[in-house]
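Please keep the structure open while you read.

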Amino acid sequence: MMKRHYDSDQTRKIIAEKAAQLFSQKGFAGTSISDISKESGFSKGHVYYHFENKEKLFMTIAQDAMRIWGDKWDAISPNYETATAKLYAVAGFVLDNYKTPLLKVLQELMTNPAADPQTLKQLYDLVETPMRAYEAVFQYGIDSGEFVIEDLQTTTFLFGNWLGALCQHIFTMEYDTLHRMFQQSVTIFLGGILKK
């Protein structure tokens, strides 16, 4: 009898995919390692071997999602010729690509007093991906002479926090209303940085 080949990467991938589905349906607190084990077809031991605990498993899923987000934006960003067009586009992209059930899980975990401080730090570090995207747009605007920005880091921070605050309403506001607000926030922001 031949021994079945064990593919560690494939196992990790299956566990993460099944866990993401469960987190999306049941939330973080509502999903147990037993649920993940049952859904993925791998023992609890396998789950713990690959991810140590539920928080680390969720962080892996969230980090993968942000990497994909960054790759998707990098692929479409060149389609917009001006920095102004890129800024409107990235705002729309944020709105259209943040509304995932995992965002609710992320918010749940960030407000959980029992969450590991290391996990919370990693959750906050996830914003580096969109922040780099915003910074690149602002830098593009400076380089092309379209934007006048004295402090790139502060401008990026302010813009990112403005969009981040709007993201808090993704599940509670109508899409069209929120879309107008995202676009209007860019219009207002441009008032302070467009070359006169």
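What follows is a set of questions and answers about this chain.

Q: What kind of model is this, and how are its residues numbered?
A: This is a predicted model, in which local features need pLDDT of at least 70 and side-chain atom pairs count only at pLDDT 80 or more, while totals for chains, interfaces and linings use all residues. Numbering starts from 1 along each chain as its sequence is written, and side-chain values use heavy atoms, with hydrogens and water left out.

Q: How many helices and strands does the protein chain have?
A: There are 10 helices and 0 strands, and along the sequence the pattern reads α-α-α-α-α-α-α-α-α-α. Both kinds of element are DSSP runs numbered from the N terminus (helices are H or I with at least four residues, strands are E with at least two). The C-alpha trace spans about 75 × 35 × 30 Å along its principal axes.

Q: Why is Asp 35 called buried?
A: Buried means under 20% relative accessible area, exposed means over 50%, and partly exposed lies in between (1.4 Å probe, protein chains only). Asp 35 has a relative accessibility of 19%, so it counts as buried. This residue sits in helix α2, residues 33-40. Across the protein chain, buried residues make up 41% of the 196 residues.

Q: What does Asp 35 touch, not counting residues up to four places away in sequence?
A: Asp 35 touches Leu 22, Lys 26 and Gly 30, where a contact means heavy atoms within 4.5 Å. In the protein chain, residues 24 or more positions apart account for 69% of the contacts with a separation of 6 or more.

Q: What makes the pairing of Asp 35 and Lys 26 a salt bridge?
A: The term asks for a side-chain nitrogen of Lys or Arg within 4 Å of a carboxyl oxygen of Asp or Glu. For Asp 35 and Lys 26 the N to O distance is 3.2 Å, and their side chains meet in a salt bridge. The whole structure holds 7 salt bridges.

Q: How do you know that Lys 121 and Asp 125 are separated by about one helical turn?
A: Lys 121 and Asp 125 are 4 residues apart in helix α7, which means a separation of about one helical turn. Their side chains also meet in a salt bridge, at 2.7 Å from N to O. Lys 121, at 46%, is partly exposed, and Asp 125, at 31%, is partly exposed too.

Q: Which residues are linked with Arg 67 in a network of salt bridges?
A: The network links Asp 64, Arg 67 and Asp 71. Arg 67 is partly exposed at 46%, and Asp 64 is partly exposed at 34%.

Q: Why does Gly 192 count as exposed?
A: Gly 192 has a relative accessibility of 59%, so it counts as exposed. Its place is in helix α10, residues 175-193. Gly 192 and Lys 26 are 166 residues apart in sequence and 43 Å apart in space, C-alpha to C-alpha.

Q: What makes a space a pocket?
A: On a 1 Å grid over the protein atoms alone, a pocket is an open set of points where a 1.4 Å probe fits, with protein on both sides within 12 Å along at least five of seven lines; lining residues have an atom within 4 Å of a point. The largest pocket holds about 900 Å³ of space. Of its 33 lining residues, the closest to the centre are Met 66, Tyr 98, Leu 103, Leu 106 and Val 127.

Q: How many residues line the second largest pocket, and which lie nearest its centre?
A: The second largest pocket is lined by 19 residues, with Gly 70, Asp 74, Thr 129, Arg 132 and Ala 133 nearest its centre. About 300 Å³ of space lies there, and α4 gives the most to the lining, with 8 residues.

Methods:
Grid points are joined across faces, edges and corners, and a volume is the space filled by probe spheres set on the points.
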